[in-house]
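Have a look at the structure, then read on.

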Amino acid sequence: MDKKFIELDDNVLDQILKSETDLRNYSQQVESDLKHYENLDVEKYIKSGDQIVTLHKHLNHCENVLEHTESVLYTFQEELQNITNEITRLQQRSIFMAQQLCNRQSVKGLMHQFIEDVIVSETLISVITTCSVTDEKFSTHLSVLNYKILFVDEQNFKDVKSQNDVKDVYEKLKITATSKIRHFIMEQINKFKKPTTNYHIPQNTLFEYKFLFEFLLNHDSISAQEIYNDYVDTLSKVYFTYFKSYLTYLQKLQFEEAATKDDLLAVEDPTSRTLFQKSMKKNTVFTIGNRATVLNEIDNSIIIPHQNNVTNLSFEAIFRSVQYALVDNACREYKFDCEFFKVDQPTAQGLFSKIMGKTLTLLIKHLEHFVENCYDALALFLCGQLSMRYQALCQNRLVPVLAQYWDTILAMIGTRFRFILERHIQSVKDYDISKFNKEKKPHFIVRRYAELVSAIVSFSENNKCEPELICSLTEEVLGFVLRLATMFRTRKDRLIFLINNYDLVLRILMERVRDSSFEVDRFKEELSARSKDYVDEVLQVYFGGMMKFVTDAENGQDIDSDSRQLGLAKTFTSTWKMSLEEINKEILPSFPNLTTGASLLQLAFSQLIDYYHRFQKALLASNKAQLPNIHVIMIEIKKYKTNY
């Protein structure tokens, strides 16, 4: 009930109670009012009866229309549902048909490819049976045949029945192809056996058609093994024969005379020779001269006896030519073996050993024969350097098959080279100094040492060729020179002899050794010390009094004697010009090397100026006036300056 009416009823009821009205009368009154109003409403309803009937008809009509509309909509909904179901069904069918189409196309492609892979074309049969193996068509169709044979063989494991229809045809084609290939390869191998044939030509031909052997390797292992064995046997003989003949030819061009066991640093040359004796010039045993050019010719063409028209070859020149021929052929053979026979590195190593083993043994024995009788240290040194360079060349070309060969060669050469150096050292130790003729010029042993060591140090890789023995030889030669110097009576003559020898060694070493070395530093040290001693010895003759006075003064001894100072000052003033002239005449002729003489002269004058300065400081002021001006002395000294 509405709250407003509740409040109204409460107010009415409150008024009734206040007015003390009888509730029964009041209810009757209310009921009478209600009937009155009800009657009024009925009369109004009766008056509106027609309108209500009309409204009722309209309502019935609307209800019928709505029922029809509902029926239409329901039917439409059912039709839409049917359409949706039909669309879904069609979509599913479309997907199914698309999948079927895709599957059939895939099967069609596979079937088409399978048929293409299996089918034997007339062109293939014709080319394989009629064309030469060198024909481009044959190589193209051989690749096709190889693929088809492998494909058909693969179908055996899949139990494909159709492959039986073509298996026999492919088998016959395979036999035909392998037969033709075997005949062709054997024909090329037989060309190696002809004496006048350049074996590079058939080898190039085989390499060009290496795919033929690959086909043979895949489909006829017996023929492939036969070819393998025949190639190994043939090439082994070819290389052995070639290098044996080549060595024989080159040996005829070698010097007839070689270094002997007496060709040592401390052994003098024999005074007599036969008139028609062919010689390699004994001084080349110690002097490298043009022999080192072989180190710059490691990849030059080999010596061809009947074309180059050369004679009197040194052993290292022959060695270079033979080793380069070996490197060239070995690298070529190794790469051919890997590519043609389809082998990996360990297998290729074994194959190479079978082919080149006899040849390598021949070369090692040839070198061994030379080494056993060799006393030429430079020849061994150059051969060792060549071997190291060829070893590096093989490494750069990624050819490892000669590694053991180079190790053997270098060990053999190194052992003999050390033996010869030790003999040189021993010869210097054993030299009888009583044979010395007391000449102040450089000794022949020192010259030989300088030539030999400069060659070894300057041309060896990283200056590391037997450094311990070279150092021992250096110290032995230094001791030897000191022993010879003791044969001179005066200290000045001993110093001149030492300086001449040290200077010769340094000049030769510094001409050829670019970097600093133990030998250069050692002789520089000795030369510097002896030069200073010599200059002091020369100055002592002409200015000994002044030099002793300066020494006494600097050592704190009593030098206050005026007469001594005055006498020294007057003596120096009266004799210094003549002394300079005498010093110049004494020093320059004493040294064959004018540059050395000039440098010693300037060193003597520099030392004199130093003593003069110290002399002036030690004198009393009254005595200094007796001395000439330092600038006058300097001007006079400049007159003796040379352009050497």
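Val42, Tyr45, Ile46 and Ile52 make a nonpolar surface patch of about 390 Å². This is a predicted model, where local features need pLDDT of at least 70, side-chain atom pairs count only at pLDDT 80 or more, and totals for chains, interfaces and linings use all residues. Residues are numbered from 1 along each chain as its sequence is written, and side-chain values use heavy atoms, with hydrogens and water left out.

**Surface patch**
- Patch members have over 30% relative accessible area and no salt bridge, and nonpolar side chains (Val, Leu, Ile, Met, Phe, Trp, Tyr) are joined within 5 Å.
- Helix 2 (residues 23–47) gives the patch its largest share, 3 residues; helices here are DSSP runs (H or I) of at least four residues, numbered from the N terminus.

**Cavity**
- Searching the whole structure gives 1 cavity of 30 Å³ or more; a cavity is a set of points on a 1 Å grid where a 1.4 Å probe fits but cannot get out.
- The volume of the largest cavity is about 70 Å³, taken as the space filled by probe spheres set on the points.
- Its lining (residues with an atom within 4 Å of a point) includes Leu247, Phe315, Gln323 and His366.
- Helix 11 (315–340) and helix 12 (345–372) each supply at least two lining residues, and helix 11 has the largest share, 5 residues.
- By class, the lining has 7 nonpolar, 2 polar and no charged residues.

Key: Patches are made of residues with over 30% relative accessible area and no salt bridge: like charges are joined within 9 Å, nonpolar side chains (Val, Leu, Ile, Met, Phe, Trp, Tyr) within 5 Å. Accessible areas come from the Shrake-Rupley method with a 1.4 Å probe; for residues, only the protein chains shown count as cover. A salt bridge is a side-chain nitrogen of Lys or Arg within 4 Å of a carboxyl oxygen of Asp or Glu. On a 1 Å grid over the protein atoms alone, a cavity is a set of points where a 1.4 Å probe fits but cannot get out, and a pocket is an open set with protein on both sides within 12 Å along at least five of seven lines; lining residues have an atom within 4 Å of a point. Ala, Val, Leu, Ile, Met, Phe, Trp, Tyr, Cys and Pro count as nonpolar, Asp, Glu, Lys and Arg as charged, and the others, Gly among them, as polar.
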